[in-house]
Amino acid sequence: MTKETIFSKIVAGEIPCNKIYEDDLVLAFYDINPDAKIHALVIPKSNHLERLSDLENSDAELIGHMMISIAKIAKKLGIDKTGYRVITNSGDDAHQEVEHLHFHILGGETLGKLNANNKG
Ligand code: AMP
């Protein structure tokens, strides 16, 4: 899976982003259409994963690195103490729009309560 998406174009520098954090494996930037006062996206630079469902054992190190990066990014954004929510949408039923694995970090305000099946 090496599909070109908006996110792979951002990684390649072909589309600009409002960057928050970058290292060898991940890139984090502000969501263009925020759903909270702070809404960041964290993506792997590699575009071999379209969604969470594609994960294989060989991705364990990358995913561990992404989770640790998310904790660091939340700290950088100043929301580690006040709290935040991390979401990934996987597939059509979850309304995944961009087919490049990504985690949303939402915070900076009190968020709505997350229902198990939020159809709103
Ligand atoms: P998802 O529905 O989980 O696939 O989320 C995709 C997210 O990408 C949405 O929240 C969009 O607002 C966001 N998005 C789409 N294009 C861009 C872009 N060029 N820069 C930043 N965020 C984007």
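Analyst: A salt bridge is counted here when a side-chain nitrogen of Lys or Arg lies within 4 Å of a carboxyl oxygen of Asp or Glu. By that rule, a search of the whole structure finds seven salt bridges. The model is predicted, and for that reason local features need pLDDT of at least 70 and side-chain atom pairs count only at pLDDT 80 or more, while totals for chains, interfaces and linings use all residues. Residues are numbered from 1 along each chain as its sequence is written, and side-chain values use heavy atoms, with hydrogens and water left out.

One of these salt bridges joins the side chains of Lys-3 and Glu-99, with 2.5 Å from N to O. The two partners belong to distant parts of the chain, since Lys-3 is in the segment before α1 and Glu-99 is in the loop between β4 and β5, 96 residues apart; the helices (H or I, at least four residues) and strands (E, at least two) behind these names are DSSP runs, numbered from the N terminus. Lys-3 has a relative accessibility of 37% and therefore counts as partly exposed, where buried means under 20% relative accessible area, exposed means over 50% and partly exposed is in between (1.4 Å probe, protein chains only). Glu-99 is also classed as partly exposed, because its relative accessibility is 30%. Both residues take part in a network of salt bridges that links Lys-3, Glu-50, Arg-51 and Glu-99.

Arg-51 leads on to Gln-96, whose side chain makes a polar contact of 3.0 Å with the side chain of Arg-51. A polar contact is a pair of N or O atoms within 3.5 Å; within protein, one must be able to donate a hydrogen and the other to accept it, and residues adjacent in sequence count only if both atoms are side-chain atoms. Gln-96 sits in the loop between β4 and β5, and it counts as buried because its relative accessible area is 11%.

Another salt bridge brings together the side chains of Glu-22 and Lys-45, at 2.8 Å from N to O. Glu-22 belongs to strand β1 (residues 19-22) and Lys-45 to the loop between β3 and α2 (60-76), so this pair ties together parts that are 23 residues apart in sequence. With a relative accessible area of 37%, Glu-22 is partly exposed, and Lys-45 is partly exposed at 25% relative accessibility. A further salt bridge is formed by Asp-80 and Lys-81, whose closest N and O atoms are 3.5 Å apart. In this pair, Asp-80 is partly exposed, with a relative accessible area of 30%, whereas Lys-81 counts as exposed at 75% relative accessibility.

The strand to look at next is β5. Five of the five residues in β5 (residues 103-107) are buried, so the strand is largely enclosed by the rest of the structure. Phe-103, Ile-105 and Gly-107 point one way from β5, while His-104 and Leu-106 point the other way. Five bridges join β5 to strand β3 (residues 38-44), and these strands run antiparallel; two strands are said to pair if DSSP finds at least two bridges between them. Strand β4 (residues 84-87) also runs antiparallel to β5 and is joined to it by four bridges. Ile-105 of β5 is the bridge partner of Ala-40, and Val-86 stands opposite Ile-105 as well.

Strand β3 contains His-39, which is buried because its relative accessible area is 3%. The side chain of His-39 reaches the backbone nitrogen of Asp-35 at 2.9 Å, and a polar contact of 2.8 Å joins the side chains of His-39 and His-104.

From His-104 we come to the ligand. Of the 16 residues around the ligand, those that come nearest are Asp-31, Asn-89, Glu-97, His-102 and His-104, where a residue is near if one of its heavy atoms lies within 4 Å. A side-chain N or O atom of Asn-89 is 2.9 Å from an oxygen atom of the ligand. The elements that give two or more residues to the shell around the ligand are α1 (6-11) and β2 (26-30), and α1 gives the most, with three residues.
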